[in-house]
Amino acid sequence: MNTSEEQRGTGWTGPAPGRPTTGPFPRRPAPSWNRGRGHPTSEGPSAGVGDAPAGSLVRPYTMTRGRTRPPTGPRLDMITIVVAARDREERALEPEYQAIMRLCRRPISLAEISARLDIPLTVVRVLLGDLVAAGDVRTRASAPVTRLPEKKVLQAVLDGIRRL
Amino acid sequence: MASADSENRPPEAIPQAVKIIVAGGFGAGKTTLVSSVSEITPLSTEEVMTEASYGVDDLGGVEEKTTTTVALDFGRITINPDIVLYLFGAPGQDRFWFMWDELAEGALGAIVLADTRRLHTCFHAVDFFERRGVPFVVAVNRFDASADYCREEVREALDISGEVPIVMADARDRESCKEVLVELVTHVIQGRSPAMSG
Ligand SMILES: Nc1nc2c(ncn2[C@@H]2O[C@H](COP(=O)(O)OP(=O)(O)OP(=O)(O)O)[C@@H](O)[C@H]2O)c(=O)[nH]1
Ligand SMILES: [Mg+2]
């Protein structure tokens, strides 16, 4: 694959001599890091979903009885994988919890639960937090920010994609 | 079952999930790319945002709302019984920036889809991944297949380092999308290896 080699090169040495510095496209301006709250290049924290004034979110948060954050427990991000605990006792659960439990018979991500039940992520997070607290489900969080996927995992991903 | 039993029994292994972000401007082909390689029809999930973020989006409107719902679409590739890869399309409009931090967290890497009809729409994505230190590749989605764009022209316009791979792509073509993914993961692995040759 000579094209890839060409792209990866041995480091960027600036535009080739003689090449005009402006191409057919307008050039990306130098990033400025103060575009305001919520912008990915902003210094400040982005708008927090959990800081919602309860009133504005009555409908989605009815199921959570107004809670916008899960009880303390494991980190529940979009790709946290959840599975029903094998030895849990049958209990009467409210319908939305039951629906989640049904999906969790096989490992499933939080994002998929949200999509398949058509319940916003934030709400699923709260409901799952309850199930975790009750011991009904077990979770496996994605690698924490500080620990990116191991090389072994990356290699497996690469092989997997090639096999597609 | 007695609880003593369950404590002695090793818990069923839960697969590990990894994710790749597919970013780019409005209509750049993000959803198309995800569906080209996903083993499931892309799913859509919603996140509720409760504070207006001020940004002019490409529709030209400045929206000011107290509650906004943003839809994220994603696909899945089961790599093996232990690893599941998710591909998330990042919301293209500026007012949905609040989702990006969460998307980027723990991401293996990102694909920036550059739409040659309006290259500037991916500038923010490039800024974001550079700043967050998320490894990315640029996939040039040539809507106008007849026009032949030179990689270096794109590189200059995006002002990205020579290390960042740029691939020509067609988001509708599965093989082309696989190539983009391979390029990205290879780039991530190379960036991770301690023996980086200069
Ligand atoms: N010619 C051509 N058309 C494409 C290509 N990729 C996507 N399209 C078309 O462009 C349109 C927009 O593609 P989407 O995948 O919906 O774009 P998107 O980035 O998900 O758009 P938003 O989520 O709305 O920002 C669709 O009609 C696609 O069929 C491509 O590589 N070439
Ligand atoms: Mg889309």
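## A tour from the ligand shell to the loops

Select ligand 1 first: its shell, made of residues with a heavy atom within 4 Å of it, divides into 4 nonpolar, 6 polar and 3 charged residues. In this division, Ala, Val, Leu, Ile, Met, Phe, Trp, Tyr, Cys and Pro count as nonpolar, Asp, Glu, Lys and Arg as charged, and the others, Gly among them, as polar.

The model is predicted: local features need pLDDT of at least 70, side-chain atom pairs count only at pLDDT 80 or more, and totals for chains, interfaces and linings use all residues. Residues are numbered from 1 along each chain as its sequence is written, chains are lettered from A and ligands numbered from 1 in the order in which they are written, and side-chain values use heavy atoms, with hydrogens and water left out.

**Stop 1: ligand 1.** Display the 13 residues that surround ligand 1; the closest are B:Gly27, B:Lys30, B:Thr31, B:Thr32 and B:Asn141. Helix H2 (residues 30-37) of chain B gives the most to this shell, with 3 residues; helices (H or I, at least four residues) and strands (E, at least two) are DSSP runs, numbered from the N terminus. Next, draw distances from oxygen atoms of the ligand. One lies 2.4 Å from an N or O atom in the side chain of B:Thr32, and for the side chain of B:Thr31 the corresponding distance is 2.7 Å. At B:Ala28, a polar backbone atom is 3.1 Å from a ligand oxygen. On its own, ligand 1 has 650 Å² of accessible area, of which the protein covers 67% (Shrake-Rupley method with a 1.4 Å probe; for residues, only the protein chains shown count as cover).

**Stop 2: chain B as a whole.** Colour chain B by secondary structure to see 6 helices and 7 strands. From the N terminus on, the order is α-β-α-β-β-β-α-β-α-β-α-β-α. Of its 198 residues, 59% count as buried, that is, under 20% relative accessible area, with exposed meaning over 50% and partly exposed in between (1.4 Å probe, protein chains only).

**Stop 3: the nonpolar cores.** A nonpolar core is a set of buried Ala, Val, Leu, Ile, Met, Phe, Trp, Tyr and Cys residues joined through side-chain atoms within 4.5 Å. Select A:Leu128, B:Trp100, B:Phe129, B:Phe136, B:Val138 and B:Leu158, which have the most contacts inside the largest core, one of 70 residues. Helix H4 (residues 121-133) of chain A supplies the largest share of this core, 7 residues. Another core, of 33 residues, lies apart from it and includes B:Leu33 and B:Ile77.

**Stop 4: B:Phe123.** Which residues does B:Phe123 contact, leaving aside neighbours within four places in sequence? They are A:Pro26, A:Arg27, A:Arg28, A:Pro29, B:Ala157 and B:Leu158, where contact means heavy atoms within 4.5 Å. B:Phe123 belongs to helix H4 (residues 123-132) of chain B and counts as buried because its relative accessibility is 8%.

**Stop 5: two loop residues.** Finish at A:Asp118, in the loop between H3 and H4 of chain A. Its phi is near 55°, a positive value in a residue other than glycine, and A:Asp118 counts as exposed because its relative accessibility is 61%. In chain B, select B:Asp159, between helix H5 (151-158) and strand E7 (166-169). B:Asp159, also not a glycine, has a positive phi of about 55°; with a relative accessible area of 38%, B:Asp159 is partly exposed.

Key:
A polar contact is a pair of N or O atoms within 3.5 Å; within protein, one must be able to donate a hydrogen and the other to accept it, and residues adjacent in sequence count only if both atoms are side-chain atoms.
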